[in-house]
Amino acid sequence: MSLLMAFSIVLVVLSIGDIISTKTKAFIPSVFVAALLFLFGFWTFFPQDIVALAGFEKSIIYLSMYLLITHMGTLLTVRELLRQWKTIAIALIGIVGICALTLTIGKAIWGWETVVIATPPLTGGIVAAIIMSEAATSIGRENLAVLAIVTYVMQGFVGYPLTALMLKKEGNRLLSGFRSGVLKHVKQNETSGDVNNRKKLIPPLPEKYITTYVILTKLAITSLLAVQFANLIKPIMDISPFVMCLFFGVIAQELGFVEQKPLNLANSFGFLMTGLMAFIFAGLAKATPSMLAKIAIPLAGIIILGVIGMGILSMILGKKLGYTKEMSFAIALTALYGFPPNYILTEEASKVLAKTDEEKEFLMDEMLPKMLVGGFTTVTIVSVIIAGIFSKLL
């Protein structure tokens, strides 16, 4: 298959997801549709490496992740991160809820090894899945090694539609208050004064020098420093370079070195996000029909138990902290997919619910910081820690 053929097929699949999502007003999220189409494609005529053939090689995807996550950091001020302590608490209690049910009810039904292997991937991303897959292989349980990977691959099928539903309900509530005048749109950059007008340590460049190359250069340097700093402190504190990119994005924007939304200013955000989404769906190539048939029952059971556990505890804590049950559950659900689906789902819900650009911006400012912080708390940080602990429990 040629480069352009593979690229076109990947884009057609993603486009169909967007169209169906728009037609159904985000009731069926685009990521869910795209995941189903990719799965069907891999089972029929898609080459297993169609995403790589389309030009989205691993090195390009990692570059995209570094730049995109640093970009996301520029959307959050230091004060905004401190304000999100409730979000972090809800995300963490969601993880506790997953472990509480899988390690009790799940253990009684499927056994200790099965739930220990499957739980960490359910709390986060691919790193946790790889750690547990290798742990299962080391004890000679190849079927459980497959379960770890497939749990990571398939949990989005539950997370995407549930999150879309929660965000739509929360978005409708927010819009109702906004349109009636009860809720006001306090922009993120107004929570600590106007970020763009506030005097910063590094003065802004003259507008004539703010070109695509200059913007991307500053963003790349920020990402580079973040990754090098993560490597430097690794012997003392092992922090994911992606988490560090988020923090460095916040700091660079606060200092004035990087503009807010730099990839949007450089007209690069959409293409990088496209590649990253395609790469995530490439993992479905491993989910063959025979593989799914062997582990279908424990896979479905563990995911259901985990979602119930996270839902109950996140809603209880969220209510005590002043969040709605819908927003609380949506934050907890970020554990099932992380970034970038948390961004895509939030933008999708905001776009279909809002009637004006101002309403869309209001919804994004209200929901996106919570979804981003929730995703980084669960997927990028906590899931890796849990996988490290659980791998030693076998």
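Trainee: Is Arg 179 buried, partly exposed or exposed?
Mentor: In this predicted model, Arg 179 counts as partly exposed, because its relative accessibility is 43%.

Trainee: What does the side chain of Arg 179 meet?
Mentor: The side chain of Glu 359, in a salt bridge with an N to O distance of 2.8 Å. The pair links distant parts of the chain: Arg 179 is in helix H10 (residues 156-180) and Glu 359 is in helix H18 (residues 357-390), 180 residues apart.

Trainee: And Glu 359, buried or exposed?
Mentor: Buried, with a relative accessible area of 9%.

Trainee: How many salt bridges turn up in the whole structure?
Mentor: Five. Another one of them joins Glu 259 to Lys 218, with the closest N and O atoms 2.7 Å apart. Glu 259 lies in the loop between H12 and H13, while Lys 218 is in helix H11, so this pair ties together parts that are 41 residues apart in sequence.

Trainee: Are those two buried or exposed?
Mentor: Glu 259 and Lys 218 are both buried. There is also a salt bridge between the side chains of Glu 326 and Lys 325, at 3.3 Å from N to O. Glu 326 counts as buried because its relative accessible area is 15%, and the cut-off for buried is under 20%.

Trainee: Back to H11, please. How many residues does it have, and how far does it reach?
Mentor: Helix H11 covers residues 212-232, which is 21 residues. From its first C-alpha to its last it reaches 30 Å, close to the 30 Å expected at 1.5 Å a residue.

Trainee: Which of its residues are buried?
Mentor: In H11 the buried ones are Ile 215, Lys 218, Leu 219, Thr 222, Ser 223, Ala 226, Val 227 and Ala 230. They cover an arc of only 165 degrees around the axis, so they sit on the same side of H11.

Trainee: Why would a spacing of three or four places do that?
Mentor: An α-helix has 3.6 residues a turn, so residues three or four places apart point the same way.

Trainee: What do the buried residues of H11 pack against, and which exposed residues are on the face turned away?
Mentor: The buried residues pack against helix H4 (58-73), helix H12 (241-255) and helix H13 (262-265). On the face turned away from the buried side, H11 carries the exposed residues Tyr 213 and Leu 232.

Trainee: Let's move to H12. How many of its residues are buried?
Mentor: 11 of the 15, so H12 is largely enclosed by the rest of the structure. Among them are Phe 242, Met 244, Cys 245, Phe 248 and Gln 253.

Trainee: How does its span compare with what 1.5 Å a residue should give?
Mentor: The two agree: the 15 residues of H12 should span 21 Å, and the end C-alpha atoms are 20 Å apart. Just after H12, Gly 256 takes a positive phi of about 100 degrees.

Trainee: Where is Phe 247, and is it buried, partly exposed or exposed?
Mentor: Phe 247 is in helix H12, and it counts as partly exposed because its relative accessibility is 35%. Together with Leu 201, Ile 202, Ile 251 and Leu 255, Phe 247 forms a nonpolar patch on the surface, with about 440 Å² of accessible area together.

Trainee: Last topic: Gly 97. What is it in contact with?
Mentor: Leaving aside neighbours within four places in sequence, Gly 97 is in contact with Gly 309, Met 310 and Leu 313. Gly 97 is in helix H6 (residues 85-110) and counts as buried, at 1% relative accessibility.

How values were computed: Residues are numbered from 1 along each chain as its sequence is written. This is a predicted model: local features need pLDDT of at least 70, side-chain atom pairs count only at pLDDT 80 or more; totals for chains, interfaces and linings use all residues. Side-chain values use heavy atoms; hydrogens and water are left out. Helices (H or I, at least four residues) and strands (E, at least two) are DSSP runs, numbered from the N terminus. The expected span of a helix is 1.5 Å times one less than its number of residues. Buried means under 20% relative accessible area, exposed over 50%, partly exposed in between (1.4 Å probe, protein chains only). The arc is that of the directions from the helix axis to the C-beta atoms. Contact means heavy atoms within 4.5 Å. Patches are made of residues with over 30% relative accessible area and no salt bridge: like charges are joined within 9 Å, nonpolar side chains (Val, Leu, Ile, Met, Phe, Trp, Tyr) within 5 Å. Accessible areas come from the Shrake-Rupley method with a 1.4 Å probe; for residues, only the protein chains shown count as cover. A salt bridge is a side-chain nitrogen of Lys or Arg within 4 Å of a carboxyl oxygen of Asp or Glu.
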